[in-house]
Amino acid sequence: MKIGDLEKKLGYAPLWEGYEDREVLDGYTSDLLSDVMGNAPDESVLITIQAHKNTVAVATLAGINAIVLSNNRPAPDEMIEAAREEGIAVFRAGDNQFTASWRIHELLSR
Amino acid sequence: MNALRLINDDTPSFVLEMIFQLKVKDVMTRDLMTADRQTSLRSIQHMMKAKAVTGIPIEENKRLFGIISLEDIIRALEGGYIDDPAEQRMTRNLIVLEEDMPLSFAINYMDKYRYGRFPVLNIRKELVGIITSRDIINKLLMRINEEMTQLEDKLVREPDHTMDSYHKTFICHRFDFENAGRASTEIKKYLKGLDLDRKLIRRAAVASYELEINLVVHSQGGTLMFEAENDRIRLIASDQGPGIADVDEVMKEGFSTANDWIRSLGFGAGMGLPNVKRVSDVFSIKSRPGVGTTVLSEIAIKKGESDEDR
């Protein structure tokens, strides 16, 4: 799947426009940054409620391409700014983590 | 003299230098509140209250005649002469400083004469300012802060870059979540430029990030040193405390001392050090409670062959 599918097929709202529409190969769901850092696969989408600038830092380091903030968690401006700088797409989803993970898994296995 | 000796014994030499380099005029308050000789003590009391000062110089046309302090006012209230003009009750035998004197003189005088403030005169004996211990402390703190910032910038901006080795030291402050991850991001960008195996870069990123976050979350502050040589990447995190009582315990996955608000930021999973160990080829941790902790992580660079999955 492509990052853009999160927007087009699942209706998640991008928090900044103009991200590079890269391929996403895998997904990971966690709110613990060390867990993400240690275990999230490369080129993946991270599903989390951790709406914080540090999440962007971890995503950058771990090679994560996109972040989905579940349960409509609002993202602070500084997080969006950091994500824009690092070129990491961020989406807000109305789904909870379970549902978002399930729906994204569907797209990944198509 | 006690004050000077104290400073001499316990602080880095630049503080002492500062005291000699700074002049009284660099530190004094120039925005003066003064009264003339006919002003009543009662008006002076109101001036003190309005401006939150504890001493008012009595001055006419820049000539200093005396000073009225808060103690003078208290005495006037007790003695029932609060409506007297300043002239009759002011302290006349004044100890003054000259604006071009080194700051060390002012510190010396405060110690010697036990006054909280000194009027400052210029070379023509005109009143140009007033100096209090508060002014001195504020200025010294500001200067120390400036020095520290310069020192830090120097450390961070001075990479020692040669053909086959590179090293850089990053400073990590306690609870500085704003900048947490910055050192690791820079390290990762540098390694990407070396065209190394992706997995190897990921391992180095995991190690540097966890070490950096540990410094921010758990230490009083410290440094993360990064070195890249031909055959290895080396990371050394050292801090100035608090130290770890039981090193074996912190190496267990899931053990964490992080409090709730740190956990709410997504940290404190109890995976930090185990993560570092897992991605390292060489790992060691040394800690002494009350002294500090040093963690070493080395990752071997094997050129030409693909790095095994970790």
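I started with B:Pro242, which is found in the loop between β9 (232-239) and α11 (247-250) of chain B; helices (H or I, at least four residues) and strands (E, at least two) are DSSP runs, numbered from the N terminus. This is a predicted model, where local features need pLDDT of at least 70, side-chain atom pairs count only at pLDDT 80 or more, and totals for chains, interfaces and linings use all residues. Residues are numbered from 1 along each chain as its sequence is written, chains are lettered from A and ligands numbered from 1 in the order in which they are written, and side-chain values use heavy atoms, with hydrogens and water left out.

I checked the peptide bond joining B:Gly241 and B:Pro242: it is cis, with omega about 10°. For context, most residues other than glycine have a negative phi, and most peptide bonds are trans.

**Helix α3 of chain A and its partners**

I looked at α3(A) (residues 53-62) against α4(A) (residues 77-86): they pack at about 20°, with axes 8 Å apart. Axes are lines fitted to C-alpha atoms, for helices over the stretch in contact, and angles run from 0 to 180 degrees between N-to-C directions. That angle makes α3(A) roughly parallel to α4(A) (under 35 degrees counts as roughly parallel, over 145 as roughly antiparallel, 65 to 115 as roughly perpendicular and the rest as oblique).

Next I listed who meets whom, contact meaning heavy atoms within 4.5 Å. On the α3(A) side I have A:Lys53, A:Thr55, A:Val56 and A:Thr60, and on the α4(A) side A:Glu78, A:Met79, A:Ala82, A:Ala83 and A:Glu86.

Which helix of chain B packs with α3(A)? I found α9(B) (residues 182-193), at an angle of about 20° with the axes 10 Å apart. A:Thr60, A:Leu61 and A:Ala62 make the contact from α3(A), and B:Ser184, B:Thr185 and B:Lys188 from α9(B).

**Confidence in chain B**

Chain B averages 85, and 89% of the residues score at least 70. Where pLDDT is low, the predicted coordinates should not be read in detail.

Key. pLDDT = per-residue confidence, 0-100.
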